[in-house]
Amino acid sequence: FLTLSRAGSTTIGDTFSINLEGNVLENLRDFTCDLTFDPEILKTSSINYGLFLSNNGIDPTVCSTPHINNVTGQITGISCRRNMDTGVTGAGVLATINFEAIGIGKSILTIENPVLSSPTGDLIELIVIEKEKVTVDRPHGEVSGKVTDPLGNPVYGVEVIAFLND
């Protein structure tokens, strides 16, 4: 499997991370993929490679510097290769993509052109759960005050609900 995952809600101005995770039963030696997003809602700030391919930092890897295009909403060339003749199996983080929420709405993150290879260069058949939806809300505000009767006396036990119209 190749998936994107994140937790939590997001408002404008928040920074957050999306993990590109792999779960492989065959020996994985290298991977490459691209990622798309809505550039009116999200902006990519950086990409950090995870420790899964390097066997939790034990084995050396060579990772590319991806090309981030925040105008078109594309990240190309996310890739890493083990410097060993062996592969790794199991599950873990291949890369972490760091974003800033810059607009209100929903952005679909899509993995494109995924390729996973074994130590012999054979392609590893994979299932790609390629989409993750990020919803960005307007900043939350605070409502404060008190409820009073017509004479200005505090009224207790009242529930106040505030709605924001778009």
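How many salt bridges does the count come to by this rule? The rule takes a side-chain nitrogen of Lys or Arg within 4 Å of a carboxyl oxygen of Asp or Glu, and the count comes to 2.

Okay, quick housekeeping. This is a predicted model, where local features need pLDDT of at least 70, side-chain atom pairs count only at pLDDT 80 or more, and totals for chains, interfaces and linings use all residues. Residues are numbered from 1 along each chain as its sequence is written, and side-chain values use heavy atoms, with hydrogens and water left out.

So, the pairs. D30 meets R81 side chain to side chain, 3.1 Å from N to O. D30 sits in strand β4 (residues 30-36) and R81 in strand β8 (residues 74-82), so this contact ties together parts 51 residues apart in sequence. Strands here are DSSP runs of E, at least two residues, numbered from the N terminus. D30 is buried, at 15% relative accessible area, while R81 is partly exposed at 38%. Buried means under 20%, exposed over 50%, partly exposed in between, with a 1.4 Å probe and protein chains only.

The other pair is R82 with D59, at 2.8 Å, N to O. R82 is in β8 and D59 in the loop between β5 and β6 (61-63), so parts 23 residues apart get tied together. Both R82 and D59 are buried.

Now the sheet. It's open and mixed, with 5 strands ordered β5-β9-β3-β1-β11; pairing takes at least two DSSP bridges between two strands. β5 (42-49) and β11 (128-129) are at the edges with a single partner strand each, so one side of each has no neighbour in the sheet. Further in, β1 (residues 2-5) runs antiparallel to β3 (residues 15-28), joined by 4 bridges, and L2 stands opposite G22 in β3.
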